[in-house]
Amino acid sequence: MSFIDDTFLPVAIELIDGVFPTKIRYFRNTGPGYDPATGEVTPNTVEYKISAGILSSGRTEEGGIAESQQARLWIHHGAGGFPFLPTTSDVIEYSGFRWKVSSIDPTYSSDGLIASRITARAQ
């Protein structure tokens, strides 16, 4: 690990796991799978039970009675966190909703991943 990793990864872990912990289920989409017996293509997902630092959640009116919901959160990539770079095909379960990851910006890294801020929309 580099000096940056040694300095900032523990800060991210402490803030997310210790100061602002919210338990979430993170579903990483690993691409489609094919079952040759049935000919079906099915999604492959791996579940991670991690903590997140929830920044905010909100609703936006889209005209009439329609609205969208959005959540912003931080995750860390250290021990007990999410070990991969998030993608926009991933899904988060939080507060009784499933949220599709819509953007990941920023992701802090040095030799390894440190933390990512995620914006997600309720499905």
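**The barrel**

Mentor: Start with the fold: six strands close into a barrel, in the order 1-2-3-6-5-4, with antiparallel pairing. From one strand to the next, the twist averages 40°. Keep in mind that this is a predicted model.

Trainee: How many bridges join strand 1 to strand 4?

Mentor: Three bridges join strand 1, residues 22-35, to strand 4, residues 91-94, and the two run antiparallel. Arginine 25 stands opposite glutamate 93 in strand 4.

Trainee: And over how many bridges do strand 2 and strand 3 pair?

Mentor: Eight bridges, in the antiparallel sense, with strand 2 covering residues 40-61. As a landmark, take serine 57, which stands opposite alanine 71 in strand 3.

Trainee: What does glycine 63 do in the hairpin of strand 2 and strand 3?

Mentor: Glycine 63 takes a positive phi near 100°, in a hairpin with five residues between the strands.

Trainee: Which strand does strand 3 join through seven bridges?

Mentor: That is strand 6, residues 113-122, and the two run antiparallel. Here histidine 76 stands opposite alanine 115 in strand 6.

Trainee: New topic, the rings. How many aromatic pairs does the count come to?

Mentor: The count comes to seven aromatic pairs. In one of them, the rings of tryptophan 74 and tyrosine 108 have centres 5.8 Å apart and planes at 10°, so that pair is stacked. The cut-off for stacked is planes under 30 degrees apart.

Trainee: Where do tryptophan 74 and tyrosine 108 lie?

Mentor: Tryptophan 74 is in strand 3, residues 67-76, and tyrosine 108 is in strand 5, residues 97-109, so the pair ties together parts that are 34 residues apart in sequence.

Trainee: Is tyrosine 108 buried, exposed or partly exposed?

Mentor: Tyrosine 108 counts as partly exposed because its relative accessibility is 47%.

Trainee: What kind of pair do phenylalanine 82 and phenylalanine 84 form?

Mentor: An edge-to-face one, with 5.9 Å from centre to centre and 70° between the planes.

Trainee: Which residues do ring pairs link into a cluster?

Mentor: Tyr26, Tyr48, Phe82 and Phe84.

Trainee: What sits over the ring of phenylalanine 84?

Mentor: The charged end of arginine 28 does, 3.7 Å from the ring centre. Another case is arginine 98, whose charged end sits over the ring of phenylalanine 27, 4.3 Å from its centre.

Trainee: What does histidine 77 touch?

Mentor: Leaving out residues up to four places away in sequence, histidine 77 touches Leu9, Phe82, Phe84, Pro86, Leu113, Ile114, Ala115 and Ser116. There is also a polar atom of the histidine 77 side chain 3.3 Å from the backbone oxygen of phenylalanine 84.

Trainee: Now the backbone. Which residues does a cis peptide bond join?

Mentor: Aspartate 105 and proline 106, with omega at about 5°. Proline 106 has its place in strand 5.

Trainee: What about serine 95, what is its phi?

Mentor: Serine 95 has a positive phi of about 55°, although it is not a glycine. You will find serine 95 in the loop between strand 4 and strand 5. With a relative accessible area of 52%, serine 95 is exposed.

Trainee: Last one, the whole chain. What box do the C-alpha atoms fill?

Mentor: Roughly 50 × 45 × 20 Å, taken along the principal axes. Of the 123 residues in the chain, buried residues make up 31%. As for contacts between residues at least 6 apart in sequence, 53% join residues at least 24 apart.

Methods: Residues numbered from 1 in each chain as written. Predicted model: local features only at pLDDT ≥ 70, side-chain atom pairs only at ≥ 80, totals over all residues. Heavy atoms only, no water. Phe/Tyr/Trp six-rings, centres within 6.5 Å; stacked < 30°, edge-to-face > 60°. Helix = DSSP H or I, 4+ residues; strand = E, 2+ residues; numbered from the N terminus. Buried < 20%, exposed > 50% of the residue type's maximum accessible area, 1.4 Å probe, protein only. Lys NZ or Arg CZ within 6 Å of the ring centre and 35° of its normal. Pairing = 2+ DSSP bridges. Axes fitted to C-alpha atoms, helices over the stretch in contact; angles between N-to-C directions. Polar contact = N/O pair within 3.5 Å; in protein donor to acceptor, adjacent residues only side chain to side chain. Contact = heavy atoms within 4.5 Å.
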